[in-house]
Amino acid sequence: MKRFWFSLLSLALLCFAAQSASAQSIFDTWAELKNFHGVMSQTFHPAEEGDLAPIKARSGEMAKKAGTLAKSDVPAQFNTPAILDAVKRLQSGSKALNKLVKAKAADDQITASLTALHDVFHEIVGLCREEHH
């Protein structure tokens, strides 16, 4: 029984390492996506805990990085209609979020917008993983 649990744990760790390596290689290949991710992770995770100060302070930066991402040279392996469409939605969603923050919208509206944007970001990463394999 110990061997079973050890094998299961080992398999889970290998899968996690493969996922991390996959995301890391995507970010290594597409610097603009990595740069966007930096702002997303530093604003979304505090928002999950109810702290909207980071996104309120950095929504303009996020919109700018999404614009840079949309204008970037997409690595050939990720240059698909689905990924390009998702990047456009990420850009427009980032602009909309920044407008909400500037207009001092209600926290629940900002949170919903940021959550939707986070979902689009993960859609892009998922699509890149599919193309990467």
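In this predicted model, 74% of the contacts between residues at least 6 apart in sequence join residues at least 24 apart. The protein has five helices and zero strands. Of its 133 residues, 36% count as buried.

**The core**

The largest nonpolar core holds 32 residues. W30, M62 and I124 touch the most other members. Helices α1 (2–29), α2 (31–48), α3 (53–71), α4 (81–102) and α5 (107–132) each supply at least two residues of this core. The largest share, nine residues, comes from α5. In soluble globular proteins, nonpolar side chains tend to be buried together.

M62 shows how such a residue is surrounded. Leaving aside neighbours within four places in sequence, M62 contacts F36, V39, M40, T43, I55, S94, L97, L114 and L117.

**Aromatic pairs**

The whole structure contains three aromatic pairs. Two of them are tabulated here.

| Pair | Centre to centre | Angle between planes | Class |
|---|---|---|---|
| F27 and F121 | 6.3 Å | 20° | stacked |
| W30 and F78 | 6.1 Å | 20° | stacked |

F27 lies in α1 and F121 in α5, so their pair ties together parts 94 residues apart in sequence. F27 is buried at 10% relative accessibility, and F121 is buried at 3%. Ring pairs also link F27, F36 and F121 into a cluster.

W30 sits between α1 and α2, F78 between α3 and α4, 48 residues apart. W30 is buried at 0% relative accessibility. F78 is buried too, with a relative accessible area of 0%.

Conventions
Residues numbered from 1 in each chain as written. Predicted model: local features only at pLDDT ≥ 70, side-chain atom pairs only at ≥ 80, totals over all residues. Heavy atoms only, no water. Helix = DSSP H or I, 4+ residues; strand = E, 2+ residues; numbered from the N terminus. Buried < 20%, exposed > 50% of the residue type's maximum accessible area, 1.4 Å probe, protein only. Contact = heavy atoms within 4.5 Å. Core = buried A, V, L, I, M, F, W, Y, C linked by side-chain atoms within 4.5 Å. Phe/Tyr/Trp six-rings, centres within 6.5 Å; stacked < 30°, edge-to-face > 60°.
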